[in-house]
Amino acid sequence: MESQLTMKKNTKTDVQSDKKVNIKRFLKKPIIYIALIVFSLLNVYPIVWMVINSFKSEKEFSLDPFFLPDTWRWENYVEAWETANLGTYFLNSIFVAFTSVIITVLFGALASYFLARFRFKMNKFVYVLFVFGMIIPIHATLVPMFILMNKLGLLNTGWTLLFPYVAFNLPLTIFILTSFMKAFPKDIEESAIMDGCGIFRIFWSIILPMSRPAIATVTILNFIHCWNEFSFALVLINDESLKTIPLGLANFAGQYNTNYTGQMAGLTMVIIPTILLYVLLEKHIVKGMTAGAVKG
Amino acid sequence: MHILQRNKLAILIGLIPALLIYLVFSIIPIVISLYYSFMEWNGFGAMKFVGFQNFIEIARDPIFWKAVKNNIYVVVASVFGQIPIALALALLLNRKIKGGKLFRTIGFMPVVISTVVISLTWNMLYNSEIGFINRFLESIGLGSLTQNWLGDPKWAMISVCITIIWQFVGLYFIIFLAALQNVPSEVLEAAEIDGASGWKRTLFITLPMIWDSILIAVILCISGSLRTFDLIYVMTNGGPAHSTEVMAIYMYEKTFSSMRYGYGSAVSLYIFVFSLLLIWVSRLLLQRKSR
């Protein structure tokens with residue numbers, strides 16, 4: 001009898017708490033949405049604000065900086081493209097980014113192959129040496145890098161930026177690729193050797209194709225790093241015709257700091273390809289940029 | 001194992017290209033800075049050995065210590081700004097929700113954009129005359145709150161830190177979200193049956209289970225925000241009146257404006273040691289806590 005009573009009581013409180021939960025759930029969704037929408041607006045609005053205003057005349061912008069323009073002035077874009085020298089910067093950035101990514105991934109993959117698949121005396125040491133590069137504070141090397149490049153006669157050339165970019169992207173590349181290649185089963189090489197394959201042949205026609213997902217990750221990751229890099233370019237490049245986009249833009253903004261809508265048009269032209277690329281390759285990009293953290 | 005013995009040469013050929021570039025352009029510069037830090041050198045004239053003079057002069061320069069303080073300010077603001085916001089957002093989004101993917105895409109976006117572009121964009125938002133923030137405050141009748149955000153030493157550091165937080169919240173948001181999705185749902189269900197409320201479940205089960213990720217994020221955040229250079233260089237160049245100057249800006253200024261390469265090299269070494277020390281200490285502290 002008593003136990004029955006408590007059971008009844010229990011079910012009653014259960015119903016009550018269910019109701020409470022329901023009300024909570026009912027309120028919860030909107031609150032979550034509001035928080036997420038506020039966050040998204042904070043993320044997107046600065047960029048939208050810039051894009052909208054990049055189409056205005058200087059005068060219209062000073063009268064109304066919030067809403068859509070009355071007339072969409074595409075001239076701003078033509079003007080910005082020419083005064084900012086964006087064409088040259090784009091070409092330089094494309095060359096530097098593509099070349100250093102190719103070199104980094106190729107050399108990095110080759111080194112990773114030996115570090116992951118071969119046993120030799122210095123293996124551990126070489127690996128640790130590379131991985132140490134991930135915690136070297138880059139800006140602490142700016143001054144010595146300048147001195148070194150100066151001595152080597154490598155300041156202000158088309159090749160200059162490739163060296164630091166490759167050097168500083170190798171550690172993460174090797175870290176990611178080595179851990180990926182280590183996971184392959186051992187008998188891959190054995191059967192290939194039976195078939196008479198050489199070591200480099202195994203790398204090129206077996207290991208490299210098998211590592212494709214990791215290669216994609218490091219390629220995108222390195223590309224973004226090189227494309228956005230500013231400090232080394234600032235220190236090592238002076239020549240207007242060799243500047244990459246970040247360096248050129250920083251200059252452009254300094255020189256034309258009264259022509260705000262023109263500046264915005266320039267920034268928009270730079271930002272749009274990045275965002276398009278991001279939307280297209282989001283999964284890979286996110287994976288690459290968090291890979292160090294997730295595995296580290 | 002027979003392939004190994006035959007192939008010392010192959011291993012050498014395979015490692016040397018990467019090793020050479022890496023050593024010459026990443027490790028050697030640190031060694032070089034050690035050498036030059038004992039010199040007084042303007043870049044082209046004769047070099048003069050000055051012993052520890054540069055190091056002593058730096059340690060006595062109040063502006064350098066101001067830069068150190070600002071560096072720590074950025075680190076603290078990043079850790080206590082980025083991590084909690086990112087964690088809260090990740091906890092909110094860690095459920096089946098319409099548009100969840102869109103929120104994630106938008107959340108991560110700033111991480112991909114070049115720091116220079118972000119700095120220039122925010123410069124315009126902060127601009128005291130035409131900037132969005134002041135114009136917005138005026139238009140809603142709060143004109144008295146407008147500030148010269150980047151031009152006033154009182155506000156410049158705060159403004160810069162807000163931009164830094166904005167830039168990287170998305171990175172930690174995604175890291176936490178990935179970690180949260182690895183928490184097995186059975187554990188949470190079991191806790192629910194045992195009567196643990198939503199808050200309790202988050203506090204006592206979810207958070208401990210993703211503690212490792214939080215730890216990694218904090219360390220990443222510390223080492224990342226220590227590297228702040230581009231953003232401040234473009235936004236304020238350390239000004240006004242050194243109020244946003246960090247160590248790297250100080251180093252750049254001394255080396256390339258005052259043409260003191262030896263002195264700049266010595267500052268580089270300070271940065272190197274400070275950074276490694278701070279990362280090491282934070283790793284130690286946080287790891288002890290997790291045990």
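This is a predicted model: local features need pLDDT of at least 70, side-chain atom pairs count only at pLDDT 80 or more; totals for chains, interfaces and linings use all residues.
Local features are given only where pLDDT is at least 70, side-chain atom pairs count only at pLDDT 80 or more, and totals for chains, interfaces and linings use all residues. Residues are numbered from 1 along each chain as its sequence is written, while chains are lettered from A and ligands numbered from 1 in the order in which they are written.

The C-alpha trace of chain B spans about 80 × 75 × 30 Å along its principal axes.

The contact between the chains takes 72 residues from chain A and 72 residues from chain B, where two residues are in contact if their C-beta atoms, placed from the backbone, lie within 7 Å. On the side of chain B, helix α2 (residues 8-36) gives the largest share, 17 residues. That side divides into 54 nonpolar, 15 polar and three charged residues. Nonpolar means Ala, Val, Leu, Ile, Met, Phe, Trp, Tyr, Cys and Pro; charged means Asp, Glu, Lys and Arg; the others, Gly among them, are polar.

**Domains of chain A**

Chain A is assigned domain 1 (2-53) and domain 2 (81-295), with bounds from an automatic or database domain assignment. Four residues of domain 1 of chain A are in contact with five residues of domain 2 of chain A. The domain 1 side of this contact has three nonpolar, one polar and no charged residues.

**Helix pairs**

Axes are lines fitted to C-alpha atoms, for helices over the stretch in contact, and angles run from 0 to 180 degrees between N-to-C directions.

| Helix pair | Axes come within | Crossing angle |
|---|---|---|
| α4(A) (residues 86-117) and α10(A) (residues 212-228) | 9 Å | roughly 140° |
| α4(A) and α7(A) (residues 162-182) | 7 Å | roughly 40° |
| α4(B) (residues 62-93) and α13(B) (residues 247-257) | 8 Å | roughly 145° |

The contact of α4(B) with α13(B) is made by Ile63(B), Phe64(B), Ala67(B), Val68(B) and Asn71(B) on α4(B), and by Met247(B), Ile249(B) and Tyr250(B) on α13(B). It has seven nonpolar, one polar and no charged residues.

In chain A, α4(A) and α10(A) are oblique to each other. Residues of α4(A), including Ser93(A), Val96(A) and Ala109(A), meet residues of α10(A), including Ile215(A), Phe223(A) and Trp227(A). This contact divides into 10 nonpolar, six polar and no charged residues.

Helices α4(A) and α7(A) are also oblique to each other. Their contact has 16 nonpolar, eight polar and two charged residues. Oblique covers what is left after roughly parallel (under 35 degrees), roughly antiparallel (over 145) and roughly perpendicular (65 to 115).

Terms used:
Helices (H or I, at least four residues) and strands (E, at least two) are DSSP runs, numbered from the N terminus.
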